[in-house]
Amino acid sequence: MTALPSKDDILDWIRDNPDAAGKREIARAFGIKGSDRVELKRILRELQDEGHIAKHRRSLHPSGALPPVTMLRITGTDADGELLARPEVWESDDPVPVVLVLPKKSDPAMGPGDKVLAKTRAVKTESHAYEARPIKKIAAGGQRIIGIYRRGSHTGRILPIDKRAQKEWIVPPGEDHGAKEGELVEAESLPAPRSGLPRGRIVERHGDPGAPRQVSLIAMVQHQIPYEFPEAVLAEANAAKPFKSLGKREDLRDLPLITIDPADARDHDDAIAAMPDDDPKNQDGHVVWVAIADVSHYVKPGSALDREARLRGNSSYFPNRVSPMLPEDLSADLCSLKEGAIRPCIAVRMVLDADGNKISHRFTRGLMRSSAALAYESVQAAVDGRGGLPDDLVADVLTPLYAAYRAVANARDRRQPLDLDLPERRIQLSETGEVTAIAYRDRLDAHRLVEEFMILANVCAAETLEDRKTPLIYRTHEEPSPEKLDALRDSVETVGLTLAKGQVLKTQHLNQLLRSARGTEHAEAVSMSVLRSQMQAYYAPQNFGHFGLNLKRYAHFTSPIRRYADLIVHRALISALNLGKDGLEGDEIGRLPETSEHISQTERRSMDAERDTVDRYVAAYLSDKEGAEFSGTISGTSRAGAFIRLDETGADGLVPISSLGSDYFHHDRDSNTLTGERTGRVLGLGMPVTVRLIEATPVTGGLILELLSIDGSAMTAKSRGRGKGGGRRQLNRAALKRKSAKRKSQRRR
């Protein structure tokens with residue numbers, strides 16, 4: 001009888017031979033024959049029962065590990081564009097491993113959602129636990145949606161939450177992933193039938209869609225914004241230590257630097273200070289310091305933190321949470337310029353003359369200590385003489401800051417950047433996450449002060465890097481296209497204003513238009529039209545100027561905690577000014593075009609997600625006000641109908657064109673109007689209206705409105721009948737009550 005190996009011996013052999021770990025191969029390796037095979041089978045069964053090994057088909061592998069050949073699902077790419085995947089089946093309680101897929105050139109193209117049979121091997125890297133070589137691409141990935149699951153007697157359905165989605169999805173038997181009625185789910189498409197609704201397989205379950213935290217989660221899932229950090233990234237952030245040694249840095253700890261942020265801010269990445277210039281040649285001049293958290297000290301090129309920061313591109317801010325670019329150990333602690341804490345920084349010292357013109361500037365890598373963490377409202381109150389802050393802080397710190405700001409504001413007025421001052425909505429939430437109010441944020445001089453100093457520091461960064469001929473990422477905003485300007489002219493002509501042709505457009509021309517509308521009922525509509533005429537700002541390694549700010553060069557430098565572009569600019573300054581060995585490297589420089597395109601896309605993704613989240617919160621706030629009447633203005637038109645912005649909340653809702661009556665309405669895209677063919681009635685930008693809220697859908701953020709009056713002229717019952725294509729009958733009060741009661745009953749279930 002052959003001496004049987006111990007359990008530890010068998011486990012060691014399985015780990016060393018992942019490609020050949022079947023019962024037969026184990027017996028052959030240890031020379032086990034005859035009746036001893038029965039005893040080997042018992043030992044292997046015990047190892048499985050004890051959770052040490054798992055069986056996949058005929059292959060054995062250590063529990064909590066992938067089998068040597070397994071099915072993977074491509075989930076996306078990492079910051080370097082390499083394919084990432086996760087196993088289709090994972091029965092361990094350990095976190096699902098990240099798999100780096102390494103296809104050969106001869107392999108078919110692969111993308112998110114694709115199913116791949118692959119040969120895997122364990123690796124020890126910070127970003128992934130396994131590498132895989134594809135054997136065969138099993139199925140192509142399809143479209144993904146997020147929606148509400150409805151269980152049927154035979155099949156299920158998914159109601160998409162995206163307002164732009166036109167169709168429900170069918171979930172065939174066996175493809176529901178155990179989803180419950182009314183649950184928020186994520187699904188991928190299955191091969192489509194020749195006719196009928198699309199079909200899908202549920203791949204993720206996200207729980208109760210009505211839970212307060214789900215509002216932002218829906219947006220993050222829908223727009224593919226990461227909301228969890230990989231373990232390697234968290235471990236790297238957790239290992240970071242506070243910076244205390246001055247070394248070769250400049251000591252800025254005695255400067256009266258302060259941070260000014262929203263009252264609920266969790267990170268503070270910029271600090272400011274100002275003082276009169278004591279140079280007799282610069283009479284009544286100012287010295288302004290802007291100190292920015294030195295994120296580059298903690299986030300090294302090529303590290304797990306750096307790869308994840310680049311992948312995210314920026315932080316995303318929602319009313320109830322933040323999806324940060326960096327883990328909280330850094331973003332809210334070591335890289336945050338907390339009051340009284342010693343922090344590494346990269347700072348710029350700027351000398352201004354009495355008129356706010358910049359005379360000179362220099363960058364330094366320093367060590368600082370914020371003397372106060374202040375909120376915009378408290379700063380403004382103190383400067384206005386309403387108290388709340390120590391007198392010495394006001395006299396010694398805030399007064400010089402505001403003196404320098406007034407000079408910079410004069411220079412700004414001469415420069416004439418685009419003067420769009422649109423109100424910003426603020427969602428107020430209870431402790432349980434319910435919407436308690438929707439208000440507009442006050443626009444204070446304290447906001448403008450910080451903004452102007454940040455703009456000035458960003459200009460200094462771009463100028464320094466250009467002078468040193470160092471590659472960088474610019475913040476670019478090109479002038480409006482001729483087509484957009486023509487549309488703007490047509491739009492403002494409907495409210496009696498003009499934008500002259502035949503001249504090189506400058507921001508001062510648009511500002512003149514905005515001033516003409518200011519104080520009138522058309523002010524917001526004109527501001528929105530000017531905003532729509534603007535090109536999308538983006539990041540680029542080439543300098544195309546910044547039209548909106550009326551600046552020849554501009555680079556984001558002031559927020560490296562929440563924008564990857566700023567981190568790149570910090571590294572570029574370190575290299576250009578010989579401030580350390582952690583500057584911009586050759587590989588990074590070569591990838592600047594790809595990085596610029598990527599972070600421009602992640603910025604747009606965050607903006608869309610943040611806007612959708614606000615829309616959903618507003619719809620939730622208004623959902624119990626169905627049937628109520630509101631005043632508003634027409635903010636836009638389309639073939640679908642008229643968009644109305646409600647005065648009280650700033651919410652946007654749709655008056656369907658089918659509800660506008662028996663008249664046939666033509667949509668003029670250039671003038672942004674709807675015109676009745678028979679009546680000649682025109683619905684255009686800025687017209688004051690009264691509407692009734694017919695339906696508010698929190699999951700999608702959609703509002704459906706009924707138009708009651710335009711510009712003080714009531715819509716008659718006849719005109720609110722049927723529209724183009726038959727339309728739909730308007731809900732009377734009884735029907736409205738029935739519909740509202742039914743919807744509330746569904747929400748309770």
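Does R266 count as buried or exposed, and at what relative accessibility? The exercises below work through this and other points.

The model is predicted: local features need pLDDT of at least 70, side-chain atom pairs count only at pLDDT 80 or more, and totals for chains, interfaces and linings use all residues. Residues are numbered from 1 along each chain as its sequence is written, and side-chain values use heavy atoms, with hydrogens and water left out.

**Exercise 1. Classify R266 and describe its surroundings.**

Step 1. Recall the classes: buried means under 20% relative accessible area, exposed over 50%, and partly exposed in between (1.4 Å probe, protein chains only).

Step 2. R266 counts as exposed because its relative accessibility is 55%.

Step 3. Find its place in the chain. R266 sits in the loop between β14 (258-261) and β15 (270-276). Helices (H or I, at least four residues) and strands (E, at least two) are DSSP runs, numbered from the N terminus.

Step 4. List its contacts (heavy atoms within 4.5 Å). Leaving aside residues up to four places away in sequence, R266 touches E328, S331, A332 and S336.

Step 5. Look at E328 again. Its side chain is joined to that of R266 by a polar contact of 3.1 Å. Such a contact is a pair of N or O atoms within 3.5 Å; within protein, one must be able to donate a hydrogen and the other to accept it, and residues adjacent in sequence count only if both atoms are side-chain atoms.

Step 6. Compare sequence with space. R266 and V322 are 56 residues apart in sequence, and their C-alpha atoms are 9.6 Å apart.

**Exercise 2. Decide how far helix α6 is covered, and by what.**

Step 1. Helix α6 spans residues 304-312, and seven of its nine residues are buried.

Step 2. The buried ones are A304, L305, D306, E308, A309, R310 and R312.

Step 3. The cover over these residues includes α5 (231-238), β18 (321-323), α7 (328-334), α14 (564-576) and α16 (592-622).

Step 4. After α6 comes G313, with a positive phi near 80 degrees.

**Exercise 3. Describe the nonpolar cores.**

Step 1. A nonpolar core is a set of buried Ala, Val, Leu, Ile, Met, Phe, Trp, Tyr and Cys residues joined through side-chain atoms within 4.5 Å.

Step 2. The largest core has 91 residues, and I272, V290, L330, F453 and F557 have the most contacts inside it. Helix α10 (residues 445-467) gives the largest share of this core, eleven residues.

Step 3. Take L330 as a case. Not counting residues up to four places away in sequence, L330 touches A237, A240, Y298, V299, L305, C335 and S336.

Step 4. A second, separate core has 31 residues, including I427, V614, Y617 and V689.
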